[in-house]
Amino acid sequence: MNRILIIAPNWIGDAVMSQPLLAHLKAIYPQSQIDVLASPWVAPIYRACSEVHQVIEARLEHKQLQWSLRKKLAKQLELNQYTTCFVLPNSLKSALIPWLANIPFRIGYRGEMRFGLINLDLDNPSKVNRPPMANHYLALANSLEHSQEIDTNKPADPKLNISPAAKASINSKLRAAVINENLVYVLCPGAEYGTTKRWPAEHFAALAQQLIASEPDVHVILLSGKDDQALGESIRTQAKNDSQIHNWCGKTSLDEAIALIGMSKALVSNDSGLMHIGAALKVPQVAIFGSSDPHHTPPLSDKAKVLWLNLACSPCHKRECPLGHLKCLKDILPATVLDAIQSRH
């Protein structure tokens, strides 16, 4: 198996959780070349994977067929003569490119009417009894003849590396802001899914103040995407505009965010892509869960502490609280999170 292509998932957290599959493939085929076809927003994850030879970026939009772009990409990829392709998303359109590129073995889970496009397919586990996502991807290797049967009950262990260029870039930003790189806590208040995954802004503000009160020399950096700039500003303002609290939401690339998380004293986040990055970098972290299930998407690290109240109404998996009280998040208090941070390091 000389050349392997991975069709990447579209979410940052899912991309992180696919790394154990790449590590397994590299272990059983050490001479292989693993390339990844990824959208620009998850490509930095694969640049942080030591197993990946080349990341091929393509603006494949969510819920759009983009037929001409897929045909063009397939034509280019066919020249690389891949022997095997792992299609990680379940959609029909994600399986089109390897089929059009005439890759002989196309491996994935059954889904969305793609019979024939995937020619080595596995049954999708039921939603009731789903394994953690990292194990779900790793189990795809069970279809390979040289692979030992993978125990999907044993926790997978994603690992990322920080690129020297990203580390240099974030160090430059820290110097410009007069922040000591050894004295940084990173708080990630965002979560793409909705309010039921977001710990309240006032709790983040109180935690930031408590961190500085307990360690007067530290700086707190708020980290998230462009859509969370206002959320970051709200937290900073509620924390009385403390000069040691910095709103960097939307002000770093994902490569830089990976580097910043990797050098932090600790990370506090919601159930989000940045949570999974922290776990893969093995930094001390506290992960706050509300509407989602930490059994399915936990931070896979022995340095992670999960806070989840496991209320009778949890996990509801709704974007907005159906009962209107959001107790699953509001009742996790800043002091509880501070205690969890201090027990991590």
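Tutor: The answer starts with the helix and goes on to the sheet, then to an aromatic pair and a histidine.

This is a predicted model, in which local features need pLDDT of at least 70 and side-chain atom pairs count only at pLDDT 80 or more, while totals for chains, interfaces and linings use all residues. Residues are numbered from 1 along each chain as its sequence is written, and side-chain values use heavy atoms, with hydrogens and water left out.

The helix is α11, residues 273-280; helices here are DSSP runs of H or I with at least four residues, strands are runs of E with at least two, and both are numbered from the N terminus. Eight of the eight residues of α11 are buried, so the rest of the structure largely encloses this helix. Buried means under 20% relative accessible area, against over 50% for exposed and partly exposed in between, with a 1.4 Å probe and protein chains only. The buried residues are Gly273, Leu274, Met275, His276, Ile277, Gly278, Ala279 and Ala280. Their cover includes the helices α1 (12-17), α3 (43-47) and α10, together with the strands β7 (184-188), β10 (266-270) and β11 (285-288), where contact means heavy atoms within 4.5 Å.

Of these, α10 (residues 254-262) packs on α11 at an angle of about 50°, with the axes 9 Å apart. Axes are lines fitted to C-alpha atoms, for helices over the stretch in contact, and angles run from 0 to 180 degrees between N-to-C directions. The two helices are therefore oblique to each other, the class left after roughly parallel (under 35 degrees), roughly antiparallel (over 145) and roughly perpendicular (65 to 115). The crossing of α10 past α11 is right-handed, that is, the near helix is turned clockwise from the far one by less than a right angle. At this contact, Leu254, Ile258 and Ile261 of α10 meet Leu274, Ile277 and Gly278 of α11. After α11 comes Lys282, with a positive phi near 60°.

Next comes the sheet. Six strands form an open sheet in the order β3-β2-β1-β4-β5-β6, with parallel pairing; two strands pair if DSSP finds at least two bridges between them. The edges are β3 (52-57) and β6, each with a single partner strand, so one side of each lacks a neighbour in the sheet. From one strand to the next, the twist averages 20°. Within the sheet, β1 (residues 3-7) and β2 (residues 33-38) run parallel and are joined by five bridges, with Ile6 partnered by Val36 in β2.

Strand β5 (residues 105-109) is mostly covered, four of its five residues being buried. Four bridges pair β5 in the parallel sense with β4 (residues 84-87), and Phe86 has Ile107 of β5 as its bridge partner. Three bridges link β5 to β6 (residues 120-122), again parallel, and here Gly108 is partnered by Asp121 in β6.

The whole structure holds one aromatic pair. The ring centres of Trp199 and Phe204 are 4.9 Å apart and the planes stand at 80°, so this pair is edge-to-face. Rings of Phe, Tyr and Trp (its six-membered ring) pair with centres within 6.5 Å, and planes under 30 degrees apart count as stacked, over 60 as edge-to-face and the rest as tilted. Trp199 is buried at 2% relative accessible area, and Phe204 is buried at 0%.

Finally, His246 lies in strand β9 (residues 245-247) and counts as buried at 13% relative accessibility. Leaving aside residues up to four places away in sequence, His246 touches Ile179, His219, Val220, Ile221, Leu222 and Arg236.
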